[in-house]
Amino acid sequence: MTDFAAIDFETANGRRTSVCSVGIVVVRGGVVVDSFYSLVRPRPNYYSEFTTAVHGLTYHDTIEAPDFAEVWREAAPRIEGLPLVAHNAPFDEGCLRAVLELYGIPWPGYAFHCTCRASRRVFGRSLPNHQLHTVAAACGFDLRNHHHALADAEACARIALRIL
């Protein structure tokens with residue numbers, strides 16, 4: 001796979017609609033050609049202690065951020081026609097489907113590929129786990145800012161270039 005967009009969402013709480021940041025890395029011809037990151041004002045707009053502990057974002061970080069519909073108007077043209085890649089794709093696809101539905105935006109029929117599943121096939125038991133930072137390291141990528149949506153999308157793109 002040489003043409004795709006790696007995508008990562010962070011959420012504010014346990015609801016899939018509570019997207020609070022998105023990172024996208026666009027790959028064409030096997031080369032990263034574009035990236036996009038934005039904070040998003042989540043719906044519902046509250047943060048759980050757990051999610052804040054994971055990614056560090058709080059209500060005050062996103063209270064003045066644009067809503068998802070505004071962010072998506074800028075992001076969607078970048079990934080049009082491309083398959084999407086995510087690490088643990090069911091989570092990211094679930095977030096995207098939920099938030100598009102919430103805002104009344106039609107599902108464009110994205111095909112999702114999962115680097116976590118691919119890692120299990122490729123690396124099997126040779127890795128202690130198949131978490132993003134572990135798989136990224138196995139693929140030669142040093143993920144320094146784990147749970148920042150753009151850093152995670154970049155790691156996912158590097159993994160996809162190696163094993164998909």
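Which residues does asparagine 88 touch, not counting residues up to four places away in sequence? Select asparagine 88 and look around: the answer is Cys114 and Cys116. Before going on, keep in mind that this is a predicted model.

Stay on asparagine 88 for a moment. You'll find this residue in the loop between β4 (84–86) and α4 (89–102). Asparagine 88 counts as partly exposed because its relative accessibility is 40%. Check its backbone too: phi is near 70 degrees, a positive value in a residue other than glycine. Glutamate 64 and asparagine 88 are 24 residues apart along the chain, and their C-alpha atoms are separated by 29 Å.

Next stop: the cysteines. Select cysteine 114 and cysteine 116 and show their side chains. How far is the sulfur of cysteine 114 from the closest cysteine sulfur? The distance is 5.1 Å, to the sulfur in cysteine 116, and that is too far for a bond, since a disulfide needs the two sulfur atoms within 2.5 Å. Is cysteine 114 buried or exposed? Cysteine 114 counts as buried, at 8% relative accessibility.

Now pick cysteine 156. With a relative accessible area of 2%, cysteine 156 is buried. The disulfide count comes to zero.

Color helix α5 (residues 115–123) and helix α7 (residues 149–163): they pack at an angle of about 40 degrees, with their axes 10 Å apart. That angle makes α5 oblique to α7, and their crossing is left-handed. To see the contact itself, select Thr115, Ala118, Ser119, Val122 and Phe123 on α5, then Cys156, Ile159, Ala160 and Ile163 on α7. What kinds of residues make up this contact of α5 with α7? Seven are nonpolar, two are polar and none are charged.

Two loop stops remain. Go to histidine 147, in the loop between α6 (132–138) and α7. Histidine 147 is not a glycine, yet its phi is positive, about 75 degrees. At 29% relative accessibility, histidine 147 counts as partly exposed.

Finally, jump to proline 44, in the loop between β3 (31–39) and α1 (49–55). Zoom in on the peptide bond joining arginine 43 and proline 44: this bond is cis, with omega about -5 degrees.

Technical notes
Residues numbered from 1 in each chain as written. Predicted model: local features only at pLDDT ≥ 70, side-chain atom pairs only at ≥ 80, totals over all residues. Heavy atoms only, no water. Axes fitted to C-alpha atoms, helices over the stretch in contact; angles between N-to-C directions. Helix = DSSP H or I, 4+ residues; strand = E, 2+ residues; numbered from the N terminus. Parallel < 35°, antiparallel > 145°, perpendicular 65-115°, else oblique. Left-handed = near helix turned anticlockwise from the far one by under 90°. Contact = heavy atoms within 4.5 Å. Nonpolar A, V, L, I, M, F, W, Y, C, P; charged D, E, K, R; others polar. Buried < 20%, exposed > 50% of the residue type's maximum accessible area, 1.4 Å probe, protein only.
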